[in-house]
Amino acid sequence: MVRFLHTGDWQLGMTRHFLATESQALYPAARFASLRAIGRIARDRACEFVVCCGDGFEFNEGFARTVARACDALATIPVPVWLLPGNHDPLNTAAVFRSRTFLARKPAHVHVIENETPIAVKPGVELVGAPWTSKRPLVDLVARARAPRGAPSSGVRIAVAHGCVDTLSPDESNPALISLAAAESAIASGKLHYLALGDRHSLTDGGASGRVRYAGTPEATDYDEVAPGHVLVVDLDAHDVKGEAVRTGTWRFLREKAQLSGAADLALLQERLAGLEDKSQCIVKLDLEGTLTLAQKAALDELLDNARLTLGALEVSERGSDLKVVPDAVDFADLGLSGFAERAVERLREQASGTGQEAMTARDALGLLLRLTKEAS
């Protein structure tokens, strides 16, 4: 029996343009912190080694600071670490793994899987890697790594790969798709005992055998991920396998839908946003639907601006939202406008009742007027 830690898709150096100013530094820092968490898990769970199944770095043209910080974090992992080049960091002429900074700072126990040659990580346990050497491979790299090797003479063989299995891909024409049936056949015949996969950021069981798995990303990267923020601690021998998902993530991407038709709905949305835990590490995208008056839309804008002060980021989806704003005479009844200002507001109200960009601009202008008037009072 061997115990190892299966991870991948660290995406070191990743940023997100929509983050609040201070979060632009906190979010990348969390990804380096996840490596230190991996080191603690490997130590506490007595893992014998770690495999990172591709995309350790977000960019191949790694900034020296990112690479240096990565090497410092890797140094805290107390067991051997095997890094597989993936589609974000393929092993080409510009590979981050061949950069001067990486070669100078790489800890001695950190290794890059450069080809398909089997690697004996300990007696009776070998790794067979399927590294990417370009961003668009034209073959199933797992098949190339698997053939023509027969069954291991003793012990277990672990394949380390990156990419999408064919049963999970919407693009059947992709020549690099990993054949799940072929992988399961190799497992059934004893040629392979575990396929450790990266590329899919969600924790996913890829096949019926329980020996084809994605560990997902240790820190969430987008809204559509299912169960991100984990690593897998795997116990494996030729006859049995057990994978335990261990939580590492600290950031969350949340997509919320809000139906708005008045002040009560705005109060409910405010309560929902205020009730979120760990707001500074929470990224929220809102799908807004319904109909509001201009005054209510101004209140919504103020509500969202206040929420942005504490959240890691708050976005309003353009595609997922269908919020209508209807100018109401009551909105301006208490402003006490006269003369030119009154005529300007009437003209904007007429424009706002239409459609298109001009109407949207008019509604925004009227909403801003209401907010400024409220603040002045």
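Biologist: How do you know what span to expect for helix α7 (residues 294-308), and what does the helix reach?

Modeller: This is a predicted model, so keep that in mind throughout. Helix α7 has 15 residues, and at 1.5 Å a residue the expected span is 21 Å. From its first C-alpha to its last, α7 reaches 21 Å, close to that expectation.

Biologist: Which residues of α7 are buried?

Modeller: Leu294, Lys297, Ala298, Leu300, Leu303, Leu304 and Ala307. Buried here means under 20% relative accessible area.

Biologist: What makes you call arginine 3 and aspartate 235 a salt bridge?

Modeller: Their closest N and O atoms are 2.6 Å apart, and the cut-off is within 4 Å, so the pair counts as a salt bridge. The structure holds 12 salt bridges.

Biologist: And what does the pair tie together?

Modeller: Arginine 3 sits in strand β1 (residues 2-7) and aspartate 235 in strand β11 (residues 230-236), so the bridge ties together parts that are 232 residues apart in sequence.

Biologist: What about lysine 122 and glutamate 48?

Modeller: Their side chains meet in a salt bridge, 2.6 Å from N to O. Lysine 122 is in strand β5 (residues 119-122) and glutamate 48 in the loop between α1 (23-44) and β2 (50-52), so this pair ties together parts 74 residues apart in sequence. Lysine 122 is partly exposed at 28%, and glutamate 48 is partly exposed at 31%.

Biologist: Why do you describe strand β7 (residues 156-162) as largely enclosed?

Modeller: Because seven of its seven residues are buried. Val156, Ile158, Val160 and His162 lie on one side, with Arg157, Ala159 and Ala161 on the other, so both faces are covered.

Biologist: Which strands pair with β7, and in what sense?

Modeller: Strand β6 (residues 125-129) runs parallel to β7, joined by five bridges, with valine 125 opposite valine 156. Strand β8 (residues 194-198) also pairs with β7 in the parallel sense over five bridges, and histidine 162 stands opposite glycine 198. The chain crosses from β7 through helix α5 (residues 180-188) to β8, a right-handed β-α-β crossover.

Conventions:
Residues are numbered from 1 along each chain as its sequence is written. This is a predicted model: local features need pLDDT of at least 70, side-chain atom pairs count only at pLDDT 80 or more; totals for chains, interfaces and linings use all residues. Side-chain values use heavy atoms; hydrogens and water are left out. Helices (H or I, at least four residues) and strands (E, at least two) are DSSP runs, numbered from the N terminus. Buried means under 20% relative accessible area, exposed over 50%, partly exposed in between (1.4 Å probe, protein chains only). The expected span of a helix is 1.5 Å times one less than its number of residues. Two strands pair if DSSP finds at least two bridges between them. A crossover is right-handed if, with the strands pointing away from the viewer, the path from the first strand over the helix to the second runs clockwise.
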